[in-house]
Amino acid sequence: MKISTKGRYGLTIMMELATKFGEGPTSLKSIAEKHQLSEHYLEQLVAPLRNAGLVKSIRGAYGGYILSKSPEDISSGDVIRVLEGPISPVDFTEEDDPAKRQLWIRIRDGIAQVLDSTTLYDLISYKDEGNQNDSYMFYI
């Protein structure tokens, strides 16, 4: 399964809103500038997120968007399903070989489990523990 720019940039929007959760609305312009993305494209992505009830729009001079729920209550699966559609790497039919069909189902369920168990809070709280540049000095 390949996540398109819709899903990737949509997750970027949601992570930015999660980072600012409780601080008031965030403009798409500020997100676009920070990540060097097209504001127009982000506007197209935020509409289905709003329609799905994941974000709310605030009008006015200091308006923008806010999450409709806390970052702990929105999973990356929620966002990806809204923007990408159902999670299924293969369109399988009942005519498929039962062993292959079971493999496709296990792959689909595995992807869904990872996406559904990863919240926006998890994403914005992530620390890359494996990429620390420990400066050990060895003398020979």
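Contact here means heavy atoms within 4.5 Å. By that definition, residues 24 or more positions apart account for 65% of the protein's contacts with a separation of 6 or more.

**Before you start.** This is a predicted model: local features need pLDDT of at least 70, side-chain atom pairs count only at pLDDT 80 or more, and totals for chains, interfaces and linings use all residues. Residues are numbered from 1 along each chain as its sequence is written, and side-chain values use heavy atoms, with hydrogens and water left out.

**Whole chain.** Show the cartoon. The protein has six helices and two strands. Helices (H or I, at least four residues) and strands (E, at least two) are DSSP runs, numbered from the N terminus. From that end the order is α-α-α-β-β-α-α-α. Now switch to the surface. The protein exposes about 9400 Å², with 51% of it supplied by carbon and sulfur atoms. Accessible areas come from the Shrake-Rupley method with a 1.4 Å probe; for residues, only the protein chains shown count as cover. Of the 140 residues, 29% count as buried. Buried means under 20% relative accessible area, exposed over 50%, partly exposed in between (1.4 Å probe, protein chains only).

Select residues 55–58 and 64–67. These are β1 and β2, antiparallel and joined by four bridges. Two strands pair if DSSP finds at least two bridges between them. Find Val55: Leu67 of β2 stands opposite. Then move to the five residues between the strands, where Gly60 takes a positive phi near 115 degrees.

**The core.** Select Met14, Leu42, Val55, Leu67 and Val79. In the largest nonpolar core, which has 21 residues, these touch the most other members. α1 (5–19), α2 (28–35), α3 (39–51), β2 and α4 (76–84) each supply at least two residues of this core. α1 gives the largest share, five residues. A nonpolar core is a set of buried Ala, Val, Leu, Ile, Met, Phe, Trp, Tyr and Cys residues joined through side-chain atoms within 4.5 Å. In soluble globular proteins, nonpolar side chains tend to be buried together.

Stay on Val79. Which residues does Val79 contact, leaving aside its neighbours within four places in sequence? Gly10, Leu11, Met14, Leu49, Leu54 and Ile74.

**Last stop: Asp116.** Go to helix α5 (residues 98–116), where Asp116 lies. Asp116 has a relative accessible area of 38%, so it counts as partly exposed. Leaving aside neighbours within four places in sequence, Asp116 is in contact with Ser75, Gly77 and Arg81.
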